[in-house]
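Hi,

Here is the structure I promised to pass on.

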Amino acid sequence: MGKHTKAIPCGMLAAALVISANSWATVINVPADQPTIQAGISAATNGDTVLVAPGTYNESVYFQFKAITLRSSGGSDLTTINAAGGNTSAVFINSNAGQSSVQGFTITGGSGALSGDTRFGGGVRVTIGANALLIDCKILNNTASGVSGRGGGVDVTGSATMRQCVIAGNVAAGVGGPFSTGGSGGGVHSIAGDIVMIDCQVIGNSATGSGGFEPVGAAGGGLWMGGSGSAVLINCEFRDNSATIAAAQGSTGGGGGGIRFNATTAILVNCRITNNQSSAVIPWPGILGGAMNLSNCTIANNMVIGAEPPGTCGGMLGAGATAIYNSIIYGNAGQQLNSPTDVQFSCVQGGYAGRGNIGSDPLFLDPANGDFHLADGSPCIDTASLAHVQADAFDLDADGNMTERVPFDLAGLRRVVNGFVDMGAYEWQHECSADVSPSSPGVAGDGTVNIGDLLAIIGSWAIATHAWRMSMAMM
Ligand SMILES: [Ca+2]
Ligand SMILES: [Ca+2]
């Protein structure tokens, strides 16, 4: 054969590749093609999609070492995997052949996979070597028990990326025996895993311990990570989680009602860790441990259950090199902060050494009812550092620009307004005044159109302070 080949236009080549790729990947519909999700997975090969119609599926799902996509057509509100009575994880992912994905399910009723004397991953288990992507999953009311239950909601020893997931009401329970270390990771547990969580809510999970002869330390009500793993947490909430042990048990271990890191490298951006609790004998209700880099996080109102012992650090106790920027740590039990090596442009109750830090009341909008937005006049408004707003490495706004600054705050609103940034997870957004209406003669409500109307409109865009400063400077 000669060297002359006919040139193929790029478009045709691309079309041919798409056609060939599609010809390999199959979509298996449940229940149209296969009666159950498990039957759909059994019929699938790597690269296939198992597409599930709305409904409740009373089964446990085992991935059979396959790298496939398990997706619902109607989303998590309409499609449920209920594993009650299955005596294992509701969803068990163990492929090392590529990414396995679960999209759009409520996952409940799981009791974890038994390994030795302990169960792992009540809702979802991701084993070593596996790479899981979970999107729009509601992982609710699962349990991992045994001598030292691990990961009531999710257990990861491989890698897992979770986006828009809710992990709530799960329990990791260590129920006794001489070697029990208590339950770890009520919401999520990981040993040597790599975890990315974006836009996730970890709410009302618990790690409990109730037995053993030696110190029993339930740990990580919301999240427990150890064994040199890594965590990237962006725009996530960890609230109302708890780490508790039976009152009769003495303990020096455990803690971390919200988060417990143990030999973990963690990056937290725009995260909220609030109203988590720990028992008085394991009194670190907020974040405990790990080498961390926090920016624009709010750590508040984390509390000790019962009498608060001396030396409690209720906000955050770091280990290793820990940096905190643009954050608020306020209203926690006892000491707010311990051991961070670099704290800047942050509000820490009582003050803290470092550039740009303040110690005054951040003026949360309604903290008693769980609203940690900033109220008008908060000293945290526009007093953080633009330079410490992280790069948009996971492209939250899907514009292809991953070097720009993170575009959103925890509420999904603009992070940077008019070139300024606030401390904490939520950027203050000025509310439109009631009389801003095109039908009234003058939006400022004085019956005429004048400079007051312009300032009212500018104020409604949350840039009033600086517009005013600029206008004053020009006079
Ligand atoms: Ca601002
Ligand atoms: Ca972007």
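Two residues are counted as in contact here if their C-beta atoms, placed from the backbone, lie within 7 Å. With that in hand, a few conventions. This is a predicted model, in which local features need pLDDT of at least 70 and side-chain atom pairs count only at pLDDT 80 or more, while totals for chains, interfaces and linings use all residues. Residues are numbered from 1 along each chain as its sequence is written, and chains are lettered from A and ligands numbered from 1 in the order in which they are written.

**Confidence**

The mean pLDDT (the predictor's confidence in each residue, from 0 to 100) is 85 for the protein, and 81% of its residues reach 70 or more. Over residues 1-22 the value is below 50, and this stretch has one contact in the model beyond near neighbours in sequence. Residues 462-475 also stay under 50; for them the model has 14 contacts beyond four places in sequence.

**Overall make-up**

The protein has four helices and 39 strands. Helices (H or I, at least four residues) and strands (E, at least two) are DSSP runs, numbered from the N terminus. Of the 475 residues, 52% are buried. Buried means that 20 or more other C-beta atoms lie within 10 Å of the residue's own; exposed means 12 or fewer, and partly exposed is in between, with C-beta atoms placed from the backbone. Among contacts between residues at least 6 apart in sequence, 64% join residues at least 24 apart.

Two strands pair if DSSP finds at least two bridges between them. Strand S1 (residues 27-30) pairs with S2 in the parallel sense over four bridges, and Asn29 stands opposite Leu51 in S2. Between S1 and S2 the chain passes through helix H2 (residues 37-43), in a β-α-β crossover that is right-handed. Right-handed here means that, with the strands pointing away from the viewer, the path from the first strand over the helix to the second runs clockwise.

S5 has a covered face with Leu70 and Ser72, and an uncovered one with Thr69 and Arg71. Next, S5 pairs with strand S8 (residues 99-108), again in the parallel sense, over three bridges; Thr69 has its bridge partner in Ser101 of S8.

**The six-stranded sheet**

Six strands form an open sheet with parallel pairing, in the order S13-S17-S21-S24-S27-S31. Strand S13 (143-144) and strand S31 (303-305) stand at the edges with a single partner strand each, so one side of each is left without a neighbour in the sheet.

Strand S21 (residues 206-209) is covered on both faces: Ser206 and Thr208 on one side, and Ala207 and Gly209 on the other, are all buried. S21 pairs in the parallel sense with strand S17 (residues 171-174) over four bridges, and four bridges join S21 to S24, which run parallel. Thr208 stands opposite Ala173, and its bridge partner in S24 is Thr244. Strand S24 (residues 242-245) and strand S27 (residues 277-279) pair in the parallel sense over two bridges, with Ala243 opposite Ser278.

**The core**

A nonpolar core is a set of buried Ala, Val, Leu, Ile, Met, Phe, Trp, Tyr and Cys residues joined through C-beta atoms within 7 Å. The largest one has 106 residues, of which Ile37, Val50, Ile81, Val91 and Val124 touch the most other members. Its largest share, six residues, comes from strand S22 (residues 223-234). Not counting residues up to four places away in sequence, Val124 touches Ser89, Ala90, Val91, Ile93, Ile107, Leu134, Ile139 and Val154.

**A buried loop residue**

Finally, look at Tyr426, in the loop between strand S39 (371-374) and helix H3 (451-460). Tyr426 is buried, with 24 other C-beta atoms within 10 Å. Leaving aside neighbours within four places in sequence, Tyr426 is in contact with Phe372, His373, Leu374, Asp409, Leu410 and Ala411. Asp409 is 17 residues away along the chain, and the C-alpha atoms of Tyr426 and Asp409 are separated by 5.4 Å.

Best wishes
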